Amino acid sequence: MDSLSKLDQVKTTPWAGGRSPWSVEYGKIMMWFFLLSDAFTFSSLLVYYGAQRFSKFTWPDPDLVFQSIPGFADHGYPLVFVGIMTFILIMSSVTMVLAVEAGHRRSKKEVIWWMVATIIGGFMFLGCQAIEWTHLHHEGFWFGTNPATGLTEPGAITKALQPFFDGQISYVSALQFSNLFFTITGFHGFHVFSGVIINIIILLMVINGTFEKRGHYLMVEKVGLYWHFVDLVWVFVFTFFYLV
Amino acid sequence: MSEHNIHTEEHAHDEHASMSKKKIWSVFFILLLITVIEFIIALWVIPKGYMSQSVGNYVYIALTLLKAYYIVAYFMHLKFEKLGLQLSLSVSFVFIIYFIVLMLIEGGYLHAHMPLV
């Protein structure tokens with residue numbers, strides 16, 4: 001083999017240029033990079049939450065803060081409602097991946113059906129979150145406030161905060177918990193909301209036959225990546241707010 | 001352009017082969033099972049005193065990372081992508097690990113030095 005043909009052979013390797021070395025379509029790589037940067041944002045928020053919690057000598061007990069099932073019971077059922085929310089989100093992730101799978105087979109009807117199921121799951125999750133936010137707001141938690149905000153008498157503050165603490169109470173801890181809870185679940189909820197909007201747009205494009213004309217359903221895969229990422233973030237939010 | 005299209009189609013075909021409906025549902029049941037285990041730990045194992053909260057926290061984090069692996073590898077399909085993409089997306093989290101270490105040191109310092117309020 002002479003050196004010239006050897007040179008040609010070198011040029012055929014994935015990293016020799018002129019082709020995508022990762023053999024991933026451009027839009028998909030960009031979605032991955034966006035998700036990586038978004039993962040850094042969420043990580044920063046959660047790491048800050050962890051550091052705050054680690055620095056305090058006491059912290060609200062999640063089993064005491066989240067123990068209601070709205071419309072069913074006011075207290076006594078820790079983790080049940082958030083369990084339902086987690087199940088809804090995992091389930092909608094499954095329907096999304098089934099939509100992607102149907103897209104590979106270019107079965108327009110199935111893609112439509114699974115996308116609709118995913119959107120319903122997204123709305124159900126958002127509804128649950130709205131109910132939970134309303135419930136906590138009703139108890140006195142909000143951005144910058146906790147149930148003891150505005151009270152001056154030490155006895156009244158203890159009475160307002162003790163239901164949420166297992167042991168010692170702390171006004172600052174309850175305030176930080178409140179701020180970080182609404183900021184982080186709010187940022188996640190905003191992602192779910194935009195995910196639902198994007199899903200609806202893609203669904204309309206599927207119904208319109210745009211991807212059938214294009215010959216592939218890669219767009220469904222891209223929005224699927226985003227949707228799974230939202231589910232992934234929830235897995236971490238669930239652990240650090242409700243379990244730990 | 002047409003070459004690229006052919007390539008994409010082939011790729012799409014490969015993906016279909018690697019992620020069947022059966023596999024999707026088995027990953028779903030794994031995720032559900034891990035979540036159920038977390039609930040059993042939170043509602044039964046720790047309250048009954050079979051495990052301390054601090055040990056439980058490590059178990060939660062391990063189970064969470066396992067769930068994250070299944071979501072990223074199978075649902076987000078990263079397991080079937082090229083090694084280069086897998087590495088560039090996962091190695092970046094070195095920065096987050098560094099950040100966690102930094103913030104835990106900071107939190108530990110504050111824990112020891114801040115007045116109790």
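Glu221(A) lies in helix α9 of chain A, where helices are DSSP runs of H or I of at least four residues, numbered from the N terminus. The model is predicted; local features need pLDDT of at least 70 and side-chain atom pairs count only at pLDDT 80 or more, whereas totals for chains, interfaces and linings use all residues. Residues are numbered from 1 along each chain as its sequence is written, and chains are lettered from A in the order in which they are written.

With 23 other C-beta atoms within 10 Å, Glu221(A) is buried (20 or more other C-beta atoms within 10 Å of its own, C-beta atoms being placed from the backbone). Leaving aside residues up to four places away in sequence, Glu221(A) touches Lys28(A), Val100(A) and Gly103(A); contact requires C-beta atoms, placed from the backbone, within 7 Å. A C-alpha separation of 12 Å is found between Glu221(A) and Arg106(A), which are 115 residues apart along the chain.

Helix α9(A) also packs against α7(A) (residues 171-208), the two axes coming within 10 Å and crossing at roughly 160 degrees. Axes are lines fitted to C-alpha atoms, for helices over the stretch in contact, and angles run from 0 to 180 degrees between N-to-C directions. The two helices are therefore roughly antiparallel (angles over 145 degrees). Residues of α7(A) in this contact include Phe181(A), His188(A) and Met205(A), and those of α9(A) include Met219(A), Trp227(A) and Phe241(A). By class, the contact has 16 nonpolar, five polar and no charged residues; Ala, Val, Leu, Ile, Met, Phe, Trp, Tyr, Cys and Pro count as nonpolar, Asp, Glu, Lys and Arg as charged, and the others, Gly among them, as polar.

The largest nonpolar core has 73 residues, of which Ala99(A), Val111(A) and Met115(A) touch the most other members. Such a core is a set of buried Ala, Val, Leu, Ile, Met, Phe, Trp, Tyr and Cys residues joined through C-beta atoms within 7 Å. Elements supplying at least two residues each include α4, α7 and α9 of chain A, together with α2 (21-45) and α3 (53-75) of chain B. The largest share, 17 residues, comes from α9(A). Not counting residues up to four places away in sequence, Val111(A) touches Ala99(A), Ala102(A), Gly103(A), Val206(A), Tyr217(A) and Val220(A).

The contact between the chains takes 41 residues from chain A and 47 residues from chain B. On the side of chain A, two or more residues are given by each of α2 (26-55), α4 (80-104) and α9 (218-243). Helix α2(A) gives the most, with 10 residues.

Methods:
Contact = placed C-beta atoms within 7 Å. Buried ≥ 20, exposed ≤ 12 C-beta atoms within 10 Å, placed from the backbone. Parallel < 35°, antiparallel > 145°, perpendicular 65-115°, else oblique.
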